[in-house]
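Opening the notebook on a new model today.

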Amino acid sequence: RRSLWIFVMALAGLLAAQISSRADTTDTALVKSTVLESNVAYLRVGQVGKNLADEIRAAQSTMAISNKIAGTVLDLRFAGGDDVEATKTTANLFAAKKLPLAILVNGGTRGEAVALAAMLHEAHAGLVFGSATQGTKTAGPIQPDIAIKAGLDDEGTLMENPYATPAPN
C-alpha cells in the first residue's frame with residue numbers, strides 16, 4: 001500500500017515538474033517547491049550545491065505552515081552539482097524525516113544529484129522512479145525501483161511545455 005502511495009506521489013510529481021518548470025529559469029534558487037494535493041511536498045532540485053539542505057528545510061517549513069505534509073517528491077531529473085558535503089547533509093535531512101519519499105531521476109541526472117539519489121536509495125529513505133542514470137566518480141549508475149520509459153528529449157520538451165505532444169516512437 002505504501003509503495004502504491006509513493007508511486008502516485010511520483011506521478012503527481014512528474015506533472016508538477018512539467019507545470020512548475022515554466023517558471024523563470026533565471027532563478028538562482030537551488031530548489032523550487034510546491035504542494036500537490038494539499039499534502040505532498042514537491043521539491044525540484046536543479047543543482048546540488050552549498051546550502052541545498054537549508055533551502056529544502058526552508059521550503060518544507062513554508063509548505064508546512066498551511067499544509068500537513070504526508071510525503072515528498074524529490075525531483076532530481078536533469079539535476080547536477082559537485083558539492084559532496086551538500087549531498088551528505090541533504091541525504092541526512094531526508095533520512096531523518098521518516099516520511100514517504102519518491103525520488104525522480106533520469107539519464108540527465110548527473111554528478112552529486114546521482115550520489116544524493118543513491119545515498120537515499122541505499123538508506124531505504126525512498127523509492128526511485130524514472131530511467132537509469134549514468135555513474136559518477138562518487139556513485140555508480142542508478143537503476144530505478146520503478147522504471148518510467150521516456151526519452152530525454154521528450155522529458156525536456158514536456159518540462160518546458162506540459163501540453164506538448166511527445167515525438168512518436
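Entry 1. I started from Glu112 and listed its contacts (heavy atoms within 4.5 Å). Leaving out residues up to four places away in sequence, Glu112 touches Val48, Gly81, Asp82, Asp83, Val84, Thr87 and Thr138. Glu112 counts as buried because its relative accessibility is 6%. My cut-offs: buried is under 20% relative accessible area, exposed is over 50%, and partly exposed is in between, with a 1.4 Å probe and protein chains only.

A note on what I'm looking at: this is a predicted model, where local features need pLDDT of at least 70, side-chain atom pairs count only at pLDDT 80 or more, and totals for chains, interfaces and linings use all residues. Numbering runs from 1 along each chain as its sequence is written, and side-chain values use heavy atoms, with hydrogens and water left out.

Entry 2. Next I looked up the helix around Glu112, which is α4. Helices here are DSSP runs of H or I with at least four residues, strands are runs of E with at least two, and both are numbered from the N terminus. Besides Glu112, the buried set includes Val114, Leu116 and Leu120. What covers them? I find β3 (47-48), β4 (71-75), β5 (80-81), α3 (84-97) and β6 (101-105) among the covering elements. After α4 comes His124, with a positive phi near 55°.

Entry 3. I searched the whole structure for salt bridges (a side-chain nitrogen of Lys or Arg within 4 Å of a carboxyl oxygen of Asp or Glu) and got 3. Asp75 pairs with Arg44, closest N and O atoms 3.9 Å apart. That pair links distant parts of the chain, with Asp75 in strand β4 and Arg44 in strand β2 (residues 40-45), 31 residues apart. Asp75 also bridges to Arg77, at 2.7 Å between the closest N and O atoms. So which residues form a network of salt bridges? Arg44, Asp75 and Arg77 do. Asp75 and Arg44 are both buried, and Arg77 is buried too.

Entry 4. Arg57 and Asp54 make a salt bridge as well, 2.9 Å from N to O. They sit about one helical turn apart, because they are 3 residues apart in helix α2 (residues 52-66). Arg57 is partly exposed at 37% relative accessibility, and Asp54 is partly exposed at 44%.

Entry 5. Last, the overall picture. I count 5 helices and 8 strands in the protein, and 46% of its 169 residues are buried.
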